Protein chains: 2
Amino acid sequence: MDIEFIDLKECILADNEGDAQEVRDLLKEKKVVLWNIMSSPGSGKTTFIIDVIRRFASKPMVNGKCLRFGVIEADIESTVDAEKMHALGVPTIQLRTGGGCHLDAAMVMEALKKMPLDELDVLIVENVGNLVCPAEFDIGATLATMLLSIPEGDDKCIKYPLMFTVTKAVIVTKMDVKDFFDFNLETLEKNTRRLNNDLRIFPVSVKTGDGMETVMEWLNNQITSNL
Amino acid sequence: MDIEFIDLKECILADNEGDAQEVRDLLKEKKVVLWNIMSSPGSGKTTFIIDVIRRFASKPMVNGKCLRFGVIEADIESTVDAEKMHALGVPTIQLRTGGGCHLDAAMVMEALKKMPLDELDVLIVENVGNLVCPAEFDIGATLATMLLSIPEGDDKCIKYPLMFTVTKAVIVTKMDVKDFFDFNLETLEKNTRRLNNDLRIFPVSVKTGDGMETVMEWLNNQITSNL
């Protein structure tokens, strides 16, 4: 018996574009960069975000000031990540999706209403851990990146292609355990080229710090050129 | 500023229950166990399924015959997993969800129509790699299990609780790399107890074979008691 194929219609997606434009307009006026970070569960989003905020805190800009961060934490039920961000001293809004598998622009707008936007330069959104649904919803972000951890494997762009087409960079996390897994960075690069020729790939280990300087430089350029 | 909370309404879920009952009725008549396997992307579903099918192939039942398997592969775009199953010589149907984040019972029914049900004892469904949406859709399965890999972390049941309540067992995969990650099996056990007191936890490494005999014994009981 050969493999047979049945094509199924897509999930119905809410029309989200108008809300995303409102988010964009508001943040342009307030000069705030909205940075959407997506990945599977357990790829290391929270750990990466904390490290990036700490690194920017010791990196003054040309005017001698540091970038001011805020965080929107999307979580289905728990508050564990929001508590970690709050402990860092950055303004944090927890969006509890109550089972929902992604954020949409209207949810983000609700969070913006409670954020001190005049006191921020960058607002990070840690999206729901999910490689599928968040890729389908434009939340009005200025910058979208994804994380892919070494244990997940180098074939994820074949199986979950949309995420790799809507993001500007893949941060490949957990590089410190690369020797224990069958992950080939060249395979990832080759496969992503077909989907998104401009996609940047940054291998990092937050644990050892390897690669973080390179990704920080890129992030700094992305953020300052959009302020 | 304190953490603020905004509760958001759930994704709209299609009423799927009638279809799930039809799947159940058909498979009861055909004496086929439908086994739904769910996890995040990259937890090792395909590798685990291949190992289990191979182990059952060398494990004759009391009547001297081996269990006969079929596989339904859910994938958003690619056919890589279905090709691996097909190479194993088991009847395989690929359900391409075209962006969809989960399977529902109606999709499974379409696959059943093309499966040689009279020649099968167990039909494995490898669901879309997603710890959120597949948990919400009853596909009419006799047995639902999930995989959680060591690199994902022991806090996933706090952040994605529904998956841990709708499954009978968590197969904790990639135990061979446990020393390189901060994963505590007792923490997982303690946290899952609150959600689902009957949930079984099976730590395994498909690579080394550790733990596979124990999970095979449990699976054999689950399958044969439902045939």
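A residue counts as buried if 20 or more other C-beta atoms, placed from the backbone, lie within 10 Å of its own, as exposed if 12 or fewer do, and as partly exposed in between. By that rule, buried residues make up 48% of the 227 residues in chain A. This is a predicted model, in which local features need pLDDT of at least 70, side-chain atom pairs count only at pLDDT 80 or more, and totals for chains, interfaces and linings use all residues. Residues are numbered from 1 along each chain as its sequence is written, and chains are lettered from A in the order in which they are written.

**Confidence**
- The model has an ipTM of 0.85 and a pTM of 0.90.
- Chain A has a mean pLDDT (the predictor's confidence in each residue, from 0 to 100) of 91, with 93% of its residues at 70 or more.
- In residues 7-12 of chain A the pLDDT is below 50, and this stretch has 15 contacts beyond near neighbours in sequence; two residues are in contact if their C-beta atoms, placed from the backbone, lie within 7 Å.
- Where pLDDT is low, the predicted coordinates should not be read in detail.

**Fold of chain A**
- Chain A contains 8 helices and 8 strands, which are DSSP runs (H or I of at least four residues for helices, E of at least two for strands) numbered from the N terminus.
- Its radius of gyration is 18 Å, close to the 17 Å given by the globule rule for 227 residues, so chain A is as compact as a globular protein of that length. The radius is taken over C-alpha atoms, and the rule is 2.2 Å times the number of residues to the power 0.38.
- Among contacts in chain A with a separation of 6 or more, 73% join residues 24 or more positions apart.

**Contact between the chains**
- In chain A, 57 residues are in contact with 57 residues of chain B.
- Elements giving two or more residues to this side of chain A include β1 (4-7), α3 (80-87) and α4 (105-112).
- The largest share, 5 residues, comes from β4(A).

- The same surface serves both copies, as 100% of the contact residues of chain A recur in chain B.
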